[in-house]
Amino acid sequence: MTQQEQTPLTWNHWDEPEGEWMLPGECPVRTNRTLLLEMAARLLFPTVLVFSVYLLVVGHYAPGGGFAGGLVAGLAFVLRYIAGGGAEGAEIGTRLNLRPPLLVGLGLLLAVIAAFAPVAFGRPVLASAKYSADVPVLGHVDLVSSLVLDVGVYLLIIGVVLDLLRSLGSGIERDARESRP
Amino acid sequence: MELPLLALVLAHLVLAAVLPLVSRRSRRAAFGVAAILPAATLVWGLANLRAALSTGLSETVSWAPALHLEPSFRLDALGLVMIVLVSGLGALILVYSAWYFGKDSRDAPRNAALLLAFAGVMLGLVLADDLLTLYVFWELTSIASFLLVGQGGVHRANRRAAVQALLVTVFGGLSMLLGIVFLGEAAGTYRISEIVADPPPGGLVTAALVLILLGALTKSAQFPFHPWLPAAMAAPTPVSAYLHAASMVKAGVVLVARLSPGFAGRPGWWVPIVVLGLVTMLIGGWRAQQETDLKRLLAFGTVSQLGFLMVLFGAGGRIAEVAALTMLLAHGLFKAPLFMVVGIVDKITGTRDVGKLSGLGRAQPALVVASVLAAASMAGIPLLLGFLGKEAAFEAFLHPGGVRGWLVGLGLLVGSVFTVAYSVRFLWGAFATKPGVDVVDAARPAAGLMAPTWISALAGLVLGCVPAVTDALAQRYAAAYPAADAVESGYHLALWHGLSLPLLFSVLALAGGALLHRQRARVRAVHRALHTPLSAQRGYELVVGGLERLAVLVTGRVQAGSLPVYLAVLLLTVLAVPGTALVLGGEWPRDQPWIGALMQIPLGLIVVVASLALLRVRRRFTAVLLVGAVGYAIGGLFVVDGAPDLALAQFLVETLTMVAFVFVLRRLPAHFDNPRAPRPNRSVQARKAVIASAAGVFVAIAGVVLSGARQEPPSASGDFIALAPETGADNVIAAILVDFRALDTVGEITVLLIAAAGTASLVLATRFDRRRRDGVRSGAGSPEHEEEILG
């Protein structure tokens, strides 16, 4: 009855979201949005990030570690970018202005610091130490100094993936836009 | 432990770093403050005269003894003479610079800091008693020289001269480093005093000496490397006075002086030094007589004198070394004031061209007297230090006589004739009243410019009249050589040695030089007649231009811009190098099972089917998905074989790769082949197929063979598992990654960083260029740039 007044939606636009609330980032491009992907990104992004930290920490006891954790976190950002990151979708939130190269450098810096820190205690480079403690709730916990190295790897990998998004993702996108006559 | 020498060197660098704070207040004061430290160094050095004349003062920092990295310094007679030149003249030239640079000169702060830093590293160079320490300071002086000659990089002449000086000296420096390593490893120590005390024998040592000599010859502007020195005259005059007369160009001479006591007996050492030194002395002296620019005249004079010094230091023998050390001191004391005079002339008249200067002598008597003092020392006139050195030099070669002695002696005589001629030419060119040339009007030079000139010129006179001081230092240095006879052991510097052959030679040199100057029109005609298009400068340009053309040629051939070609080169290299090794040394494992687990069959099928399908695919996107399928199936194989860590990494990387592929595919055509384009040549396709299959077969075989090639017993990996809990890791893979092989991990993430930065710059740089099309250009491809490179 009222369908005559409204322009009919084609089948590939019927799930296009209208509100802003589901956007993972700033999205200047209003077309090509899909509700499903944005919803999934909204739900999965934080979960996957937590999972990546889990992988990072659990690496000492089970499959995982800084490399795998960093890749999982990176893939979370990839998902967010695809879901509607738009031109600069790779940034980690608008408040935290952390450029990918900075993150990469930070990761390497942390790894190198972890490598040289033992020298200050009179031990060889890259030596590791273990602190064991019995925490009331968690039970027996081993804290290993090489975790710092792993965190460095984790940050660096995230940075590399974000850099990939910046160069191959939004970089190529802009390239395409600018070279269009 | 007290380390006064190292502390002095470092103090220079620290003060140079904070000097901009002073120059912000007053540019002139910056030079003044900078001059304090070299002056203090000079005072400290003279206070240690007694120590330098006896055993010397040495100090060593044990940094990494296992690697022979033990910076060590030593103050001896040679070091003290060099301190006089580096620090004494350095202080004077810094004071001179305060008045030379204008009050508001924007170059002044930069020059003040750089000159002081240079004084520091040069001090380190002349005091170093360790070859590696010496090398570090050696290259630092090259860099300082590059910055000082290049100035702000505004003028093309500065840039070209700076690059030429850098290329030539660093080329020599690098070959010297190789020689140092050979020599140090042969001797088992890098300490100069120890090497010289017990020189190692062997052919490798000869090669090492030649390589080290290459460094010394380039740094001290010896033939055929000399053209960088006249070119470097593009620098401001105080810089030329300091670097290219008093200190830096002496570095090569000092190196020869340090090593000669150990190696002077070897023909591989002294023959090239003496021959090239003589050639340099003659060429420099000859060219100096034709220059019309006073500064270039002096530069060629310096080249000539450096050749002279090389001959003396390289020849070996007691008197020769006495002469060498005296000339070393004399040269600094007369060449620096001459440069300062040129600076003053340039400043008060606005020109330093011989053809435009006239009548300056009458207006500026004080300047003339200082110049005459310095030039007379250069020419070797009695009562001046240069005379003492030259007499000793003639004596050194005429006393032993023989073919070598007479040949070198006569060569030095001709060189000295040239020296006298260009000394006279310098005075005539700067001060004489020339017919047909307007008398230039000149302002009074500032006292701040005159005082340093006078002090260093007078020093030559005082030391010349009181030979005992120089003699003590020179005898101490020459004591490293055994005296051949009573004459040699009894030789001392003196104003009067009686009527002797050396005196005759001195007189001949003075007379010949004066005659040469009088007949300058004829000399010029000879010079024109001898002019050839072949010159060392042309040779340098040909070498540099040739290198660039070669680079263009190689790049054009290698970087064809075709991905199949790149891939083919890579695969063929793999087939050629590791492939040959595999055929020759590979061994098929004997107990290789055909199948490990049942699940391997479906996974293997997926890989095979996906690969075969890849060959038939026309759409890029499908191809990417199929490659992904292969990757995931391989990850599945890892799971089956019980490597969850590896499988996890494989799955993640595969996913990321697919995403990256998809990103890139947006900019590529959807299909591999354009239906409208003609089909590619069948033979090309056949070649591609052969290379690809061969590479695939190689990888498959290598995978099996290498997995069976166990050299260590399985217990080696057992240690990893056994020790893993100690690192706090139950997961042995993690233990290996972050503990046992943590250095590998750090290296790998560094590689990742570089790769990421490279990708980003490749993709983003093109965009940057486009955005800045009308802004600042890099200039790499512009015609002006080409012109600058090719000249």
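In chain B, the axes of helix H2 (residues 27–47) and helix H5 (residues 108–127) come within 9 Å and cross at roughly 10 degrees. Axes here are lines fitted to C-alpha atoms, for helices over the stretch in contact, with angles running from 0 to 180 degrees between N-to-C directions. H2(B) and H5(B) are therefore roughly parallel to each other, a term for angles under 35 degrees. Helices (H or I, at least four residues) and strands (E, at least two) are DSSP runs, numbered from the N terminus.

This is a predicted model, in which local features need pLDDT of at least 70 and side-chain atom pairs count only at pLDDT 80 or more, while totals for chains, interfaces and linings use all residues. Residues are numbered from 1 along each chain as its sequence is written, and chains are lettered from A in the order in which they are written.

On the H2(B) side, the helix contact is made by B:Arg27, B:Ala30, B:Phe31, B:Ala34, B:Leu37, B:Pro38 and B:Thr41. H5(B) contributes B:Ala108, B:Pro109, B:Ala112, B:Leu115, B:Leu116, B:Ala119 and B:Leu123. Two residues are in contact if their C-beta atoms, placed from the backbone, lie within 7 Å. By class, the residues of this contact comprise 12 nonpolar, 1 polar and 1 charged; Ala, Val, Leu, Ile, Met, Phe, Trp, Tyr, Cys and Pro count as nonpolar, Asp, Glu, Lys and Arg as charged, and the others, Gly among them, as polar.

B:Ala34 is also one of the residues with the most contacts inside the largest nonpolar core, together with B:Val81, B:Leu312 and B:Leu325. That core has 203 residues, and helix H15 (residues 318–349) of chain B gives the most to it, with 20 residues. Another core, of 53 residues, lies apart from it and includes A:Tyr81, A:Val151, B:Leu652 and B:Val738. A nonpolar core is a set of buried Ala, Val, Leu, Ile, Met, Phe, Trp, Tyr and Cys residues joined through C-beta atoms within 7 Å. Beyond its neighbours within four places in sequence, B:Leu312 is in contact with B:Ala320, B:Ala323, B:Ala324, B:Met327 and B:Ala393.

Chain A has 4 helices and 2 strands, following the pattern α-α-α-β-β-α along the sequence. Of its 181 residues, 36% count as buried; a residue is buried if 20 or more other C-beta atoms lie within 10 Å of its own, exposed if 12 or fewer, and partly exposed in between.

The contact between the chains takes 44 residues from chain A and 39 residues from chain B. On the side of chain A that touches chain B, the largest share, 19 residues, comes from H4(A). The residues of that side divide into 26 nonpolar, 10 polar and 8 charged.

B:Gln151 counts as buried, with 21 C-beta neighbours inside 10 Å, whereas B:Leu383, with 14, counts as partly exposed. The peptide bond from B:Phe223 to B:Pro224 is cis, with omega near 0 degrees, and B:Pro224 is found in the loop between helix H9 (203–219) and helix H10 (228–231) of chain B.

Methods. Angles under 35 degrees count as roughly parallel, over 145 as roughly antiparallel, 65 to 115 as roughly perpendicular and the rest as oblique.
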